Amino acid sequence: MKPIIIVDSASDLGQIEGRDIPSLPLRVLLGEREGLDGVDILPEDIYKYFDKTKKTPKTAAVEPARFQELFEKLTAEGREVIYISVASTMSGCYNNARIAAEGMEGVYVVDSHWLSGGAALLALYADDLAEQGMSAPEIVKKVEARRDDVKLSLILDTMTFLYKGGRCKAVQALVAGVLKIKPAIIMQDEKLFVGKKYIGPANRSFMKYAADMLKNAKIDPKYFFLVHTSPSPELLEKVKEQIRGVCPEVNIVDRVASATVTSHCGKGGFALIYLQPQKSE
């Protein structure tokens, strides 16, 4: 049997037709209420919680025991297993999976170095390689070699969630809408940085951000992840038009962000995530 690829809910992979890539949900904590991402707690619950309490949620990585249970089940079926985590600098899932896989034959744990759709894109690439008949060690080597092909950036309507979540220290000066700045957040070297800053109405700033991020972009058309936390449908359609203007044949994967990602982004933003064309080997 071909190797099976696994992700976690922070990858925002969702269901892709013709793909069987299990996703383990992280835990989300809304005060004293705790539940599994996408099972017990949805993004709408996060918005309601924040509106009521003005507090942001907390998230917790998949525990080693849950990883171990799934790894044991799949390897008992004769499968090689490749788990592709979101960036280990941002989540404990990678380390917990390594603990669970210790001493197990046929289980491989890969740090994607990316958040959200960045991990999803590499998982889809890994699944393609599995379909081609490659072994797990061969797939891992190729996936790790392609991590630098990912491009990920986002723009948010509020900096409060990202700042309080501690994932991007550089946003501190921008909390509370100082000067009504909406910065692009760029992921690079497994960390989040503040990029170009946009001033003015949100939708206009968001459109300028998309135009800037897509300018001269080289896009592998197979999948382009547009991950969002409930901006207006009209804005999303305009952004999709911009993406297709750069790469007409692109397959856009439209994803509402998981509760885990929403917990760190808040309402109203979106991310542009794609692979650059593979370099010839």
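What covers the buried residues of H8? The answer includes H7, E11, strand E12 (252-256) and strand E13 (270-275). Here, buried means under 20% relative accessible area, exposed means over 50%, and partly exposed lies in between, with a 1.4 Å probe and protein chains only. The labels come from DSSP runs, numbered from the N terminus: helices (H or I) have at least four residues and strands (E) at least two.

Before going on, a word about the model. It is a predicted one, in which local features need pLDDT of at least 70 and side-chain atom pairs count only at pLDDT 80 or more, while totals for chains, interfaces and linings use all residues. Residues are numbered from 1 along each chain as its sequence is written, and side-chain values use heavy atoms, with hydrogens and water left out.

Let us stay with H8 for a moment. Leu235, Leu236, Val239, Lys240 and Ile243 of H8 are buried. They cover an arc of only 140 degrees around the axis, so they sit on the same side of H8. That arc is taken from the directions from the helix axis to the C-beta atoms. On the other side of H8, you will find Glu234, Glu241 and Gly245 exposed.

A salt bridge here is a side-chain nitrogen of Lys or Arg within 4 Å of a carboxyl oxygen of Asp or Glu. Lysine 240 and glutamate 237 are 3 residues apart in helix H8 (residues 233-246), so about one helical turn separates them. Lysine 240 counts as buried because its relative accessibility is 11%, whereas glutamate 237, with a relative accessible area of 42%, is partly exposed.

Next, look at the sheet. Its 6 strands form an open sheet in the order E10-E9-E8-E13-E11-E12, with mixed pairing. Strand E10 (191-199) and E12 are the edge strands, each pairing on one side only. From one strand to the next, the twist averages 20 degrees. Two strands count as paired if DSSP finds at least two bridges between them. E11 and E12 run parallel and are joined by 5 bridges; valine 227 has arginine 255 in E12 as its bridge partner. H4 packs on the sheet, touching E8, E11 and E13, and its direction makes about 30 degrees with that of E13. Such angles run from 0 to 180 degrees between N-to-C directions, with axes being lines fitted to C-alpha atoms, for helices over the stretch in contact. Contact means heavy atoms within 4.5 Å.

H4 takes us back to charged pairs. The whole structure has 16 salt bridges. In one of them, arginine 19 meets aspartate 128 at 2.8 Å, N to O. Arginine 19 lies in the loop between strand E1 (4-8) and strand E2 (23-24), and aspartate 128 in helix H4 (residues 117-131), so the pair ties together parts that are 109 residues apart in sequence. Both arginine 19 and aspartate 128 are buried.

Another salt bridge joins arginine 146 to aspartate 220, whose closest N and O atoms are 3.1 Å apart. This pair, too, links distant parts of the chain, 74 residues apart: arginine 146 is in the loop between helix H5 (136-145) and strand E8 (150-155), and aspartate 220 in the loop between helix H7 (202-214) and strand E11 (224-228). Arginine 146 counts as buried because its relative accessibility is 5%. Leaving aside neighbours within four places in sequence, the contacts of arginine 146 include Leu122, Tyr125, Leu275 and Pro277.

Serine 258 sits in the loop between E12 and helix H9 (259-265), and counts as buried at 10% relative accessibility. Beyond its neighbours within four places in sequence, serine 258 is in contact with Ser9, Ala10, Asp12, Asp37 and Pro43. Glycine 92 lies in the loop between strand E6 (81-85) and helix H3 (93-101), and is partly exposed, with a relative accessible area of 30%.
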